[in-house]
Amino acid sequence: MSLSVKSSVRLFAPLLFGFSALQAAQAGGTATVLAGEDFSQPSLQVVRSSIEFDGTAHVRVQAENRREGYLIVRDNVPYAITALEGQPIVLNFAQMMQTMGGMARSLAPRSLITDGRYVNLTGPGAIETIAGFSGRVWELTTVNKAGRQRVDEMVLTNDPKVRELTDAMLSTGRLLARSLPELDADANERLATELKQRGTGILRVGRSFRLEKLDTATPPPSRFALPAEPTVLPDLRSFGGLFGK
């Protein structure tokens, strides 16, 4: 699994999956997650983000200290929200990628995408407690498009709320990956299926992702409302590559 800046956005965040009627009644929460290249290296950036979710159909992701830039998923459509002269601008993420290219990647949240295809999970190993949740350490093996395998520690828990958060992150990550041609939008499908079958959610991935806090209260619907009507952008790629490719 690659969790590099080059891939622009990351898994776990954003990071599939249906629930029973009982689970639906309990759906939703607000998580704080940390994501970065390697927590053990102070020179590498670590991003703290808030992920609010009500199932997988309504998700809001916002990096710390970015009041005017965030992502909202509504009914399987991701929107990037920014501001111009104090006025909110809502952009369909897929359309934004088509018209703005590389510039749009800077608005994509981290912690929501993996570009590694699931191979297997081996374990379990030691018990580890993260953010007040107890889980087991497993070894996750993935392979990227170039055929390179990677093994990461992954801490999994059976807690249903962490499970819901994982669903929201993986589902959102898949939606964003569909707009990023260098990523395989189906890369985390097998992992998502495996976690669903096990009934587990993710607490930590190596030294690149960690759950910091999870509030189990369902966010109000207003948190997932779009602050304005979506803006249709002109095709800016005709401006000589000014906005990237």
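Predicted model: local features only at pLDDT ≥ 70, side-chain atom pairs only at ≥ 80, totals over all residues.
Together β8 and β9 form a hairpin with 2 residues between them, and A131 in the turn has a positive phi of about 55°.

With β10 it pairs in the antiparallel sense over 8 bridges, and T142 stands opposite R150 of β10. This pair is a hairpin too, with 5 residues between the strands and a positive phi of about 90° at G147 in the turn. β7 is also antiparallel to β9, joined to it by 5 bridges, and T122 has E139 as its bridge partner in β9.

Which residues of α5 (residues 189–198) are buried? They are L191, A192, E194 and L195. Looking down the axis of α5, these buried residues fall within an arc of 160°, so they line one face of the helix. Their cover includes β7 (117–122), β9 (133–143) and β10 (149–157), along with α4 (160–177) and β11 (201–205). After α5 comes G199, with a positive phi near 70°.

The largest nonpolar core has 41 residues, and L121, M154 and L211 touch the most other members. The largest share of this core, 7 residues, comes from α4. Apart from it lies another core of 5 residues, including I72, Y79, I81 and V90.

L211 is worth a look on its own. Leaving aside neighbours within four places in sequence, L211 is in contact with A31, T32, V33, I130, A131, F133, V162, L165 and L203. T32, another contact of L211, lies in strand β1 (residues 29–36). Is T32 buried or exposed? T32 counts as buried because its relative accessibility is 15%, under the 20% cut-off. Beyond its neighbours within four places in sequence, T32 is in contact with R48, S49, L211, E212 and K213. Of these contacts, R48 and E212 are also linked with E64 in a network of salt bridges.

That leads to charge pairing. Side chains of opposite charge can pair when their charged atoms come close. The count here comes to 11 salt bridges, and the table gives some of them.

| Salt bridge | Closest N and O atoms |
|---|---|
| E153 with R204 | 2.7 Å |
| K161 with E164 | 3.6 Å |
| R163 with D167 | 2.8 Å |

E153 lies in strand β10 and R204 in strand β11, so this pair ties together parts that are 51 residues apart in sequence. E153 is partly exposed, with a relative accessible area of 39%, whereas R204 counts as buried at 11% relative accessibility.

The pairs in α4 stay within the helix. K161 and E164 both lie in α4, 3 residues apart, about one turn of the helix. R163 and D167 also both lie in α4, 4 residues apart, again about one turn. How accessible are these residues? K161 counts as buried at 11% relative accessibility, and E164 at 4%. R163 counts as buried at 5%, and D167 at 1%.

Conventions
Residues numbered from 1 in each chain as written. Heavy atoms only, no water. Buried < 20%, exposed > 50% of the residue type's maximum accessible area, 1.4 Å probe, protein only. Arc of directions from axis to C-beta. Contact = heavy atoms within 4.5 Å. Pairing = 2+ DSSP bridges. Core = buried A, V, L, I, M, F, W, Y, C linked by side-chain atoms within 4.5 Å. Salt bridge = Lys/Arg side-chain N within 4 Å of Asp/Glu carboxyl O.
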